[in-house]
Amino acid sequence: MKQQPNQLFEKDYFLHRNSLMFVNRFTEDFNVPYHAHDFIEYCYVAEGTGFHHVEQDTFPIHKGQLYVIPVGVSHVFRPATPDRSSKPPVVYNCLFDIHLAAVLSGLQEQPIQDHLSALANHTSSYFSVFDREGAIERLMIQLLHEMNTNAIGSHAMLHALLSQLIVTVYRLKYVDHERSTAEASADAGFHRIIDYVEQNLHTAVTLVELSRISGWSSRHLQRLFAQHTGQSFGSFLQNVRIRRSCELLRSSSRKVSYIAELVGYRSIDSFNEAFKKTVGLTPTAYRKSI
């Protein structure tokens, strides 16, 4: 993606004066500029596919992901292709002012107070969580409803729902005490599998190989990939390979054929086909666009 000079989205344009927050449901396109903002933003991917460019990173996106963007962090969502051959991402955006964050943090325990303060002061990095149970989507739908209704009590409801969203996301990211020790151990084992995949993209990584390494059956691994990433193993592997190839195309002058080998493609034709299907451009055109 060719990143234009960074633009600042200011709170006075977006945020409702009384509630100090704003919620919308937006179909992403190529018109929104690469930008930072002076408010905190929670972005939930509800539909479609594409990419999320955050600072110097690029992530394939899919339903169920929520990104937390602190003050000052630059980002933009993009569809997978510039034409209508793929469904563009539909994103719920919940924006709120740092002063509202300070008010809401006064109602929270100290760890969440520190968390909100870090988001407001740009001392926290962006991060994402996956909405496995659908709780985040339900909150976003309720938030949008209250924002559009603007009825008596809507401001109080918006603040209450935002507090719930903040706590829900915090628990998913940092706490999640409800998981059993066995589940936590399984998650740790799965993350080691993810690390193995990312470190061995140049090889022919297969479910059979991952099954041998982990001791889990191929069927169970498929379930874990769906549970933790929202994708099948094949889709996850291809997205990781394309993401890595994008990084190499941006940061090096290596030949496209060599990059294809580095990310695990033995055929330049299959690499070009997969890259264009995912990104919407050929690798050479993508490199020229940067």
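Begin the tour at the largest pocket, which has a volume of about 1,000 Å³, a pocket being an open set of points on a 1 Å grid over the protein atoms alone, where a 1.4 Å probe fits, with protein on both sides within 12 Å along at least five of seven lines. The volume is the space filled by probe spheres set on the points, which are joined across faces, edges and corners.

Before going further, note that this is a predicted model, in which local features need pLDDT of at least 70 and side-chain atom pairs count only at pLDDT 80 or more, while totals for chains, interfaces and linings use all residues. Residues are numbered from 1 along each chain as its sequence is written, and side-chain values use heavy atoms, with hydrogens and water left out.

**The pocket lining**

Select Ser-128, Val-129, Phe-130, His-191 and His-228, which lie nearest the centre of the largest pocket among the 31 residues that line it; a lining residue has an atom within 4 Å of a point. Next colour helix H6 (181-199), which gives the largest share of this lining, six residues. Other elements that each supply at least two lining residues include strand S10 (127-130), helix H5 (154-174) and helix H8 (218-229), where helices (H or I, at least four residues) and strands (E, at least two) are DSSP runs numbered from the N terminus. By class the lining holds 13 nonpolar, nine polar and nine charged residues, with Ala, Val, Leu, Ile, Met, Phe, Trp, Tyr, Cys and Pro counted as nonpolar, Asp, Glu, Lys and Arg as charged, and the others, Gly among them, as polar.

**Aromatic rings**

A search of the whole structure finds 16 aromatic pairs, meaning rings of Phe, Tyr and Trp (its six-membered ring) with centres within 6.5 Å, called stacked if the planes are under 30 degrees apart, edge-to-face if over 60 and tilted otherwise. Select Tyr-170 and Tyr-174, whose ring centres are 4.9 Å apart with the planes at 45°, so this pair is tilted. Both residues lie in helix H5, four residues apart, about one turn of the helix. Tyr-170 is buried, at a relative accessible area of 12%, whereas Tyr-174 is partly exposed at 45%; buried means under 20% relative accessible area, exposed over 50% and partly exposed in between (1.4 Å probe, protein chains only).

Move on to Tyr-265 and Phe-271, a tilted pair with 5.4 Å from centre to centre and 55° between the planes, in which both residues are buried. Then show Phe-9, Tyr-13, Phe-14 and Phe-39, which ring pairs link into a cluster.

Select Thr-278 in helix H11 (residues 268-279), which counts as buried at 10% relative accessibility. Leaving aside neighbours within four places in sequence, Thr-278 is in contact (heavy atoms within 4.5 Å) with Phe-51, Ala-80, Gln-238, Asn-239 and Ile-242.

Finish at Ile-213 in helix H7 (residues 207-214), which is partly exposed at 37%. Beyond four places in sequence, Ile-213 is in contact with Ile-193 and Tyr-196, and the C-alpha atoms of Ile-213 and Ile-193, 20 residues apart along the chain, are separated by 8.3 Å.
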